Amino acid sequence: MTLSQLELPVGLVRVFAFVWGCLWGSFVNVVVYRVPRDMSVVRPASHCPGCGAPVRALDNLPIVSWLVLRGRARCCGVRISPRYVVVELLGGVLSLAVAEVVVRALPLDTTLVHAASIFLADFGLAMALVAAAFIDAEHMYLPDSITIGGTLFGLATPSLRGLGWTDVLLGAVAGFVGVWLPFIVGYKALRGRSGMGVGDAKLVMLAGAWFGWSGAAFALFAGALQATVAALVLLLAKGKIEEPEAVRADRESLQRAAAEGDSDARQALQDDPLGTAPEAGIMAARLPFGPFLCLAIIEWMLAGELIRDRFGM
């Protein structure tokens with residue numbers, strides 16, 4: 001069966017896409033909370049962050065439950081972060097966007113199996129990037145399971161995006177080296193510290209593995225532009241750029257352990273670029289770059305053709 005033979009109403013497809021995305025957005029919330037804490041994303045089942053009570057199915061409906069309960073847990077009344085509903089809503093919006101922008105643009109003689117494969121791949125990438133963005137925003141950490149795992153999946157599926165294996169392989173290499181060499185090796189040689197993290201290099205590598213060198217280049221430069229705008233807004237609004245609270249808490253925990261004689265903690269502080277507090281001054285401020293890279297990659301996924309035609313990339 002092809003897309004031209006699909007007789008489902010467009011409105012029904014849109015509703016399904018949105019609901020599908022919200023459901024997976026709920027799972028992404030689990031990933032965002034548990035992965036940085038080295039917890040399984042499968043077990044235990046969803047439970048209250050305050051008292052640990054299992055969450056009932058009716059209290060675990062994406063978006064709806066948070067609104068009905070007014071952002072509080074039914075069991076103990078503890079406040080539930082608005083992040084949960086934001087991520088679920090993002091899942092719905094991105095799922096709908098992929099269906100509208102990517103799938104509906106396919107030729108009508110495209111088979112349903114091929115169209116579904118493209119949808120699932122792009123939607124899966126979008127959800128992985130949402131997870132990476134929120135994890136990095138809170139912990140300044142990009143999990144290898146997303147960056148390297150996403151890169152490998154991109155290298156394995158170039159035909160879904162009309163690319164060849166050489167295109168994505170060169171894109172991945174260019175993406176990683178284009179960040180690692182000047183912003184990590186070169187910057188450290190000049191200033192004694194890295195200008196970007198290795199996780200950022202891996203994320204640009206992922207962009208290249210999915211969309212070739214042009215996608216990697218757009219992710220890097222559009223991400224940098226959007227990060228600059230965000231930094232300026234923060235400086236105008238607050239007068240400074242602060243580290244995420246979780247980063248400071250993790251460093252203080254390691255410092256206490258090191259002071260008590262924990263050699264592993266001492267080594268972790270030495271190896272981690274976040275192991276010391278940032279120096280004073282705007283140039284030494286630490287702003288998570290991952291969220292802006294993730295945003296740029298999603299922008300390219302949804303509007304890459306328009307951007308390429310407009311700027312000749």
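Cys-76 is partly exposed, at a relative accessible area of 39%, whereas Cys-22 is buried, at 6%; here buried means under 20% relative accessible area, exposed over 50%, and partly exposed in between, with a 1.4 Å probe and protein chains only. The model is predicted, so that local features need pLDDT of at least 70 and side-chain atom pairs count only at pLDDT 80 or more, while totals for chains, interfaces and linings use all residues. Residues are numbered from 1 along each chain as its sequence is written, and side-chain values use heavy atoms, with hydrogens and water left out.

**Cysteines**
- The structure holds zero disulfides, a disulfide being a pair of cysteine sulfur atoms within 2.5 Å.
- Cys-22 is in no disulfide, and the nearest cysteine sulfur, which belongs to Cys-294, is 20 Å away.

- Trp-165, Leu-169, Val-173, Val-177, Trp-180, Leu-181 and Val-185 make a nonpolar surface patch of about 610 Å² (patch residues have over 30% relative accessible area and no salt bridge, with like charges joined within 9 Å and nonpolar side chains, namely Val, Leu, Ile, Met, Phe, Trp and Tyr, within 5 Å; a salt bridge is a side-chain nitrogen of Lys or Arg within 4 Å of a carboxyl oxygen of Asp or Glu; areas come from the Shrake-Rupley method with a 1.4 Å probe, and for residues only the protein chains shown count as cover).
- Leu-169 lies in helix H6, residues 165-191 (helices are DSSP runs of H or I with at least four residues, numbered from the N terminus), and is partly exposed at 31% relative accessible area.

**Lys-202 in helix H7**
- Lys-202 belongs to helix H7, residues 198-238, and counts as buried at 17% relative accessibility.
- Leaving aside residues up to four places away in sequence, Lys-202 touches Asp-144, Thr-147, Ile-148, Thr-151 and Phe-176, where contact means heavy atoms within 4.5 Å.

Notes
Helix = DSSP H or I, 4+ residues; strand = E, 2+ residues; numbered from the N terminus.
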